[in-house]
Amino acid sequence: VSLLPMPFRSGCRAAVRNEGPADVVVDVRWQVLSTARSGSRYLHARWAASQGQGVPHVAAQLRGAGHLVGCYLTSYGTDGGWTILEGDDVMRADESRLLHGTGLEDYFNGGWYYQNPLCRPQHGITMRVPFRTSQYRWHILDCPTFDAACSMTFEMGPENVSAGAMESVAFAYLSKPKAVPEVDRSAARRHARLDDDAGKIMMDLVGLERLGDMAAAREHLRACIERWPDHDDIDLLRVREADYTAELEG
């Protein structure tokens, strides 16, 4: 459910595109609450993707007057570590105001490569597997404003030394409607995908344990055991299942 107002004055168009291999049924419902008030700004969403090493990821490149309201970003580290999360975040407004942050995970109000997935009103991490994360932040009380231009970039690790890829959507309101760049749909598929779900079982379990939800941890573990009965660590997983049962039932 999107709660971002999308004012319009004469008309709007919405489209849903299925780029997957299977047919899907989509139920989209819209409700017009009111017409745009005088002075209302236009909602813009900019998708961007980048891959490689040596250059930062450009999440936002906006022209005109407006304010930035949020960012959703997925990062893929392909060099076997979490250092892609340590690149600095840099935000520049009107060429005169510069905010140089201390790291990608810090911008999203996380630290130490995050602890486990969480969803909070203004920030959260929806996915954390080796070495891939999806995170978001909303600028509700601290939205950056600008009169002529705004840009936001994330380094690919410290000084862009990490190998990997990033995808993002930046949300902003502008005083006038602006055309967004045409989406290069092939860019979203150039990065390395992580298909080894069996390799992240322990990370999922530790996250649930940190939250104190042993019942969900046992349910998830049982589903994994059923799905991968030939897992290399199947005996260890069964012992862990027994430990959950002992804690829950005695």
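This is a predicted model: local features need pLDDT of at least 70, side-chain atom pairs count only at pLDDT 80 or more; totals for chains, interfaces and linings use all residues.
Residues are numbered from 1 along each chain as its sequence is written, and side-chain values use heavy atoms, with hydrogens and water left out.

Phe108 also belongs to the largest nonpolar core, which has 25 residues. Such a core is a set of buried Ala, Val, Leu, Ile, Met, Phe, Trp, Tyr and Cys residues joined through side-chain atoms within 4.5 Å; buried means under 20% relative accessible area, exposed over 50%, and partly exposed in between (1.4 Å probe, protein chains only). Leu104, Phe108, Met152 and Phe154 have the most contacts inside this core.

## A second core

There's a separate core too, with ten residues, among them Leu221, Cys224, Ile225 and Leu237.

## The chain as a whole

Of the 250 residues in the chain, 37% are buried. Take the contacts between residues at least 6 apart in sequence: 73% of them join residues at least 24 apart. Along the principal axes, the C-alpha atoms fill a box of roughly 65 × 45 × 35 Å.

## Out at Val28

Is Val28 buried, partly exposed or exposed? Val28 counts as partly exposed because its relative accessibility is 44%.

Note on methods
Contact means heavy atoms within 4.5 Å.
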